[in-house]
Amino acid sequence: MKVVNLILVTILSSFLLLNNISAGQNVQTVFCVLLIALVVFAKNDLNSRYMVVSYLMVFTLGKIVFYPIEMYVYPNFNSLVQNSAAFGMSFLLDILLIYLVRNRMLFSLMLTGGEEPSVLEKNYTEGPLFGLLLGYASIDLVAFVENVVRNLEYFGFSKEFAKQFWHVTFFYDYYEYLKGTLMALSITVLYMGVVIRKRQMPSAA
């Protein structure tokens with residue numbers, strides 16, 4: 001429990017600092033605030049708490065790594081590099097979160113020193129969350145590829161050929177809506193998971 005609380009305090013401190021220095025990413029900010037509320041709501045259930053903290057950790061890390069991208073990459077590089085950095089980093093963060101969710105039991109045991117048996121119990125959010133995370137990764141990967149296709153002139157193709165693909169912007173245009181929808185669904189699943197676990201705990205006691 002102490003280890004989880006320490007991680008939570010560290011995330012909260014980083015989040016509050018970054019919220020003061022980083023502009024934009026309003027959807028992610030709201031998402032992080034809701035995750036913090038869920039961590040508090042799941043305070044007596046390490047099983048659910050790990051799932052929520054995993055999301056909070058990765059999205060806070062995202063705010064950290066996107067700060068230099070916003071401050072340095074965006075003002076100094078072309079659209080190919082800008083969007084490749086953003087979508088590529090998002091994809092890597094998706095993979096990290098997938099890894100943490102898929103290995104929930106292992107990391108939970110490590111964090112609790114094997115002294116909390118509840119982390120070995122089934123968490124019904126794992127399947128739905130894994131499906132949503134595949135959606136996260138798919139959107140970021142396709143957006144990355146779409147960005148490459150849209151900027152073929154930077155790969156040596158003639159401008160006449162490349163401009164045929166300048167209007168390939170579906171995922172670029174709807175990126176925030178798609179990711180925002182998945183975030184909302186993730187919050188819903190995580191909340192439902194905490195509620196279900198809370199209802200099960202008294203009967204299991």
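Leucine 92 is found in helix 4, where helices (H or I, at least four residues) and strands (E, at least two) are DSSP runs, numbered from the N terminus. At 52% relative accessibility, leucine 92 counts as exposed; here buried means under 20% relative accessible area, exposed over 50% and partly exposed in between, with a 1.4 Å probe and protein chains only. Leucine 92 and aspartate 140 sit 48 residues apart along the chain, and their C-alpha atoms are separated by 9.1 Å. Aspartate 140 itself is one of the buried residues of helix 6.

This is a predicted model, in which local features need pLDDT of at least 70 and side-chain atom pairs count only at pLDDT 80 or more, while totals for chains, interfaces and linings use all residues. Residues are numbered from 1 along each chain as its sequence is written, and side-chain values use heavy atoms, with hydrogens and water left out.

Stepping back to the whole chain, the secondary structure comes to 8 helices and 0 strands. Read along the sequence, that gives the pattern α-α-α-α-α-α-α-α. Of the 205 residues, 41% count as buried.

How do the helices pack? Two packed helices are described by the angle between their axes and the distance between the axes. Axes here are lines fitted to C-alpha atoms, for helices over the stretch in contact, and angles run from 0 to 180 degrees between N-to-C directions. Helix 3 (residues 46-76) and helix 4 (residues 79-102) pack at about 165 degrees, with their axes 10 Å apart. Helix 3 and helix 4 are therefore roughly antiparallel, going by cut-offs of under 35 degrees for roughly parallel, over 145 for roughly antiparallel, 65 to 115 for roughly perpendicular and oblique for the rest. Helix 3 passes helix 4 in a right-handed crossing; a crossing is left-handed if the near helix is turned anticlockwise from the far one by less than a right angle, and right-handed if clockwise.

Valine 65 has its place in helix 3. With 22% relative accessibility, valine 65 counts as partly exposed. From valine 65 to methionine 89 there are 24 residues in sequence and 8.1 Å in space, C-alpha to C-alpha.

Helix 6 packs against both of these helices. Helix 3 and helix 6 meet at an angle of about 15 degrees, their axes 12 Å apart. That makes helix 3 roughly parallel to helix 6, and the crossing of the two is right-handed. For helix 4 and helix 6, the axes come within 9 Å and cross at roughly 160 degrees. Helix 4 is thus roughly antiparallel to helix 6, and passes helix 6 in a left-handed crossing.

The buried residues of helix 6 include Leu129, Leu132, Leu133, Tyr136, Glu146 and Arg150.

Then there are the aromatic rings. A search of the whole structure finds 12 aromatic pairs. Phenylalanine 157 and phenylalanine 161 form a stacked one, at 5.5 Å centre to centre and 25 degrees between the planes. Rings of Phe, Tyr and Trp (its six-membered ring) pair if their centres lie within 6.5 Å, and planes under 30 degrees apart count as stacked, over 60 as edge-to-face and the rest as tilted. Phenylalanine 157 is partly exposed at 41% relative accessibility, and phenylalanine 161 is partly exposed at 35%.

Tyrosine 174 and tyrosine 177 have ring centres 6.3 Å apart and planes at 50 degrees, so the pair is tilted. Both belong to helix 8 (residues 170-204), where, being 3 residues apart, they are separated by about one helical turn. Tyrosine 174 is partly exposed at 42%, and tyrosine 177 is exposed at 60%. Elsewhere, Phe31, Tyr55, Phe59 and Tyr136 form one aromatic cluster.

Two arginines also sit over rings. Arginine 102 lies over the face of phenylalanine 130, 4.5 Å from the ring centre. The charged end of arginine 150 sits over the ring of tyrosine 172, at 4.9 Å from its centre. A charge sits over a ring if NZ of Lys or CZ of Arg is within 6 Å of the ring centre and within 35 degrees of the ring normal.
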